[in-house]
Amino acid sequence: MPERTIELTVNGERRVVAVEDRTTLADALRERCHLTGTHLACEHGVCGACTVLVDGAAVRSCLLFAVQAVGSEVTTVEGLTPPDGTLSPVQEAFREAHGLQCGFCTPGFVVSVTAYLAEHPDPSDDELRDALTGNLCRCTGYQGILRAARLAAERLREVRGAAAGQPAGDLAATAGAVGGGAGS
Amino acid sequence: MKPAPFELHAVEEVEEALALLAAYGDDAKVLAGGQSLVPMLALRLTRFGHLVDLNRVEALRGVSRTDGWLTIGAMTRHRGLQVEDVASQVPLLARATAHVGHFQIRNRGTLGGAIAHADPAAEQPAVCLALDAVMEVSSRAGTREVRAGDFFEGTWATALGPEDLLTGIRFPVWSGRSGFAVEELARRHGDFALAGAVCAVAVGERGVERAAIALFGVGSTPVRASAAEEALLAGAAIGEVATVAARDLDPTGDLHASGTYRKKVAWVMVERALGRAMEEARGA
């Protein structure tokens with residue numbers, strides 16, 4: 001099939017890439033944009049490893065074709081990290097609470113948890129467990145992941161408390177602000 | 001990438017979509033949220049030369065109320081159903097939607113996509129069937145309405161032809177003292193249910209005056225439990241109604257659950273859902 005040249009906005013940067021219509025957003029991110037933080041395992045929407053934000057909403061990038069993301073803001077796990085190379089509050093919490101073993105599923109969890117907590121700042125354990133069901137970990141590290149998500153929620157509430165009084169942005173802006181908050 | 005090659009047409013108007021479907025017939029497939037179709041393409045369970053992508057068609061999105069009906073555009077995402085209008089006007093749909101997939105799936109998947117896909121274990125087709133929803137269907141030949149009872153024909157098979165487009169779904173708004181409940185048993189929240197039930201009841205001075213019960217995950221289509229509804233209207237106790245609802249089911253077994261077990265689960269799901277719906281209606 002012929003390729004077409006499209007323009008994507010990824011982590012705030014304009015990327016011009018050549019893709020086939022059938023190229024998934026996940027493949028375009030990894031192979032054309034060289035953003036290999038987005039992981040691919042099942043490639044049919046079950047495992048959640050490839051989760052990215054599209055206009056602030058967490059979606060599976062293996063179930064979206066790259067051409068469908070034209071005109072949208074795509075944020076990958078790389079885009080959640082502050083520019084100074086430190087970790088975001090969610091990433092920091094995963095490190096501290098042993099929310100990973102091999103780390104393969106971690107980018108998907110980090111993106112999903114970041115998006116979820118942006119909308120649900122104070123979830124119960126049941127709600128957090130429910131929110132985590134869309135991502136699979138095959139090292140069976142779910143207890144650590146749950147602890148990490150809970151810790152991240154606490155940290156983010158502190159960040160938000162410190163930033164209280166500032167007008168709330170949209171979800172994407174909130175995710176970005178939260179990412180940037182760690183470095184400050 | 002795993003799907004076979006195709007050409008994707010990102011249309012912006014319904015007319016463009018209808019023209020493409022008319023031109024390519026069954027070599028074209030409508031792409032809604034893609035949460036079921038794209039996995040099927042990736043696994044090469046199916047392939048098409050052309051995908052008609054509706055994600056840029058504004059006219060197919062949104063919720064509007066007219067004359068006792070709530071009309072929902074086919075491309076309204078599941079996330080867009082978790083809003084006050086749907087929660088207050090068609091509570092059964094809002095509650096069923098909370099069971100659809102995971103939140104990442106609900107961010108992208110659409111109501112029209114789920115209904116046109118017609119997975120027998122899906123919640124929303126059962127809601128359509130229970131509530132006598134009306135499907136609004138367009139093709140180059142014109143528009144028509146299909147009652148939910150005539151829409152679901154088998155596993156992944158509906159009354160939609162290759163040139164048809166599901167544009168909206170109309171749900172009747174129940175008023176008065178009514179109650180609604182969805183119960184399902186899934187091995188993990190967000191997975192397809194082993195069996196489930198949706199129930200709606202309205203009560204008055206003479207007891208139950210209106211009843212709607214449908215099951216999912218127990219056959220090749222969602223199943224309307226008409227005999228059970230009649231039993232409930234005639235004054236039967238909840239356990240008896242559940243027995244009537246499950247009596248004629250013959251679900252097939254798979255590695256997740258045997259047919260016999262699914263049938264037992266179906267009884268329990270009806271009993272629980274009906275109990276909760278009745279409680280809500282009586283308290284209303």
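**Entry 1: the sheet of chain B**

I began with strand β6 (residues 134-139) of chain B, which is joined by five bridges to strand β10 (residues 165-172) of chain B, the two running antiparallel. Strands here are DSSP runs of E with at least two residues, helices are runs of H or I with at least four, and both are numbered from the N terminus. Two strands pair if DSSP finds at least two bridges between them.

The model is predicted: local features need pLDDT of at least 70, side-chain atom pairs count only at pLDDT 80 or more, and totals for chains, interfaces and linings use all residues. Residues are numbered from 1 along each chain as its sequence is written, while chains are lettered from A and ligands numbered from 1 in the order in which they are written.

I looked up one pair across these strands: B:Glu136 stands opposite B:Gly168 in β10(B). Then I followed the whole sheet, which is open and has five strands in the order β4-β5-β10-β6-β7 (chain B), with antiparallel pairing. Its edge strands are β4 (63-66) and β7 (142-147) of chain B, each pairing on one side only. On average, neighbouring strands of this sheet are turned by 25° against each other, direction ignored. Angles are taken between N-to-C directions, from 0 to 180 degrees, with axes as lines fitted to C-alpha atoms, for helices over the stretch in contact.

I also noted a helix: α1 (residues 14-24) of chain B lies across β6 and β10 of chain B and runs at about 125° to β10(B).

**Entry 2: B:Met75**

I found B:Met75 in the loop between β5 (69-73) and α3 (78-81) of chain B. Is B:Met75 buried or exposed? I count B:Met75 as buried because it has 24 C-beta neighbours inside 10 Å. The cut-offs are 20 or more other C-beta atoms within 10 Å for buried, 12 or fewer for exposed, and partly exposed in between, with C-beta atoms placed from the backbone.

Leaving out residues up to four places away in sequence, B:Met75 touches B:Ala32, B:Leu54, B:Val57, B:Leu60, B:Arg61, B:Thr110 and B:Gly112. A contact requires C-beta atoms, placed from the backbone, within 7 Å. The C-alpha atom of B:Met75 is 7.8 Å from that of B:Gly62, which is 13 residues apart from it along the chain.

**Entry 3: where the chains meet**

I looked at the interface and found 25 residues of chain B in contact with 27 residues of chain A. On the chain B side, β1 (7-10), α2 (37-42) and α6 (103-106) give two or more residues each. The residues of that side divide into twelve nonpolar, eight polar and five charged. Nonpolar covers Ala, Val, Leu, Ile, Met, Phe, Trp, Tyr, Cys and Pro; charged covers Asp, Glu, Lys and Arg; the others, Gly among them, are polar.

**Entry 4: chain A and its sheet**

Chain A has seven helices and five strands. I read its elements from the N terminus on as β-β-α-β-β-β-α-α-α-α-α-α. Of its 184 residues, 49% count as buried.

The five strands form an open sheet in the order β2-β1-β5-β3-β4 (chain A), and the pairing is mixed. The edge strands are β2 (13-19) and β4 (57-60) of chain A, each pairing on one side only. Neighbouring strands are turned by 45° against each other on average, direction ignored.

I checked one pairing: two bridges join β3 (residues 51-54) of chain A to β5 (residues 73-75) of chain A, which run antiparallel. There, A:Leu53 stands opposite A:Thr75 in β5(A).

At what angle do α3(A) and α6(A) pack? Helix α3 (residues 89-96) of chain A and α6(A) make an angle of about 140°, with their axes 8 Å apart. They are therefore oblique to each other. Under 35 degrees counts as roughly parallel, over 145 as roughly antiparallel, 65 to 115 as roughly perpendicular, and the rest as oblique. By class, this contact has nine nonpolar, no polar and two charged residues.

The axes of α5 (residues 125-132) and α6 (residues 142-162) of chain A come within 10 Å and cross at roughly 115°. Here A:Leu128, A:Arg129 and A:Leu132 in α5(A) meet A:Ile145, A:Leu146, A:Ala149 and A:Arg150 in α6(A). I noted the classes as five nonpolar, no polar and two charged residues.

Definitions and conventions
Two residues are in contact if their C-beta atoms, placed from the backbone, lie within 7 Å.
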